[in-house]
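User: I would like a close look at a single part of this model. Please treat the part first and then its surroundings.

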Amino acid sequence: MAKHEFEVAMTCEGCSGAITRILNKMGDVKFEIDLPKKLVWIESDKDVDVLMTALQKSGKEVKYNGTK
């Protein structure tokens, strides 16, 4: 299972909470959020485009940094 790193323009706990809710709805993903660094790591077999689209539903700017 690949571990993908995304940079998400989160500014507060509400932002990271929204990301958490979105990712929990996806199922079959493990994730970590580092709010101060504005990073989200997602372990999943899902396609990067699917993960990116899900994160963009938060309304925040999202950038894919690659696999870690």
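Which residues does threonine 67 touch, not counting residues up to four places away in sequence?

Analyst: Threonine 67 touches Ala2, Lys3 and His4, leaving aside residues up to four places away in sequence; contact here means heavy atoms within 4.5 Å. This is a predicted model, in which local features need pLDDT of at least 70 and side-chain atom pairs count only at pLDDT 80 or more, while totals for chains, interfaces and linings use all residues. Residues are numbered from 1 along each chain as its sequence is written, and side-chain values use heavy atoms, with hydrogens and water left out.

Threonine 67 belongs to strand β4, residues 62-67. Strands (E, at least two residues) and helices (H or I, at least four) are DSSP runs numbered from the N terminus. Between threonine 67 and tryptophan 41 the C-alpha to C-alpha distance is 8.9 Å, with 26 residues separating them in sequence.

Lysine 3 is partly exposed at 26% relative accessibility, and glutamate 32 is partly exposed at 41%. On this scale, buried is under 20% relative accessible area, exposed is over 50%, and partly exposed is in between, with a 1.4 Å probe and protein chains only.

The whole structure has 2 salt bridges.

The buried residues of α2 (residues 48-56) are Leu51, Met52, Ala54 and Leu55. They line one face of the helix, because seen down its axis they fall within an arc of 160°, the arc being that of the directions from the helix axis to the C-beta atoms. An α-helix has 3.6 residues a turn, so residues three or four places apart point the same way. The cover over the buried residues of α2 includes β4, together with β1 (2-8), α1 (13-26) and β3 (39-44).

Helix α1 has buried residues of its own, namely Cys15, Ser16, Gly17, Ala18, Ile19, Ile22 and Leu23. Their cover includes β1, β2 (30-34), β3 and α2. After α1 comes glycine 27, with a positive phi near 70°.

As for cysteines, a search of the whole structure finds 0 disulfides, a disulfide being a pair of cysteine sulfur atoms within 2.5 Å. Cysteine 12 is in none, and the nearest cysteine sulfur, that of cysteine 15, is 3.6 Å away. Cysteine 12 is partly exposed, at 34% relative accessible area, whereas cysteine 15 is buried, at 7%.

Notes:
A salt bridge is a side-chain nitrogen of Lys or Arg within 4 Å of a carboxyl oxygen of Asp or Glu.
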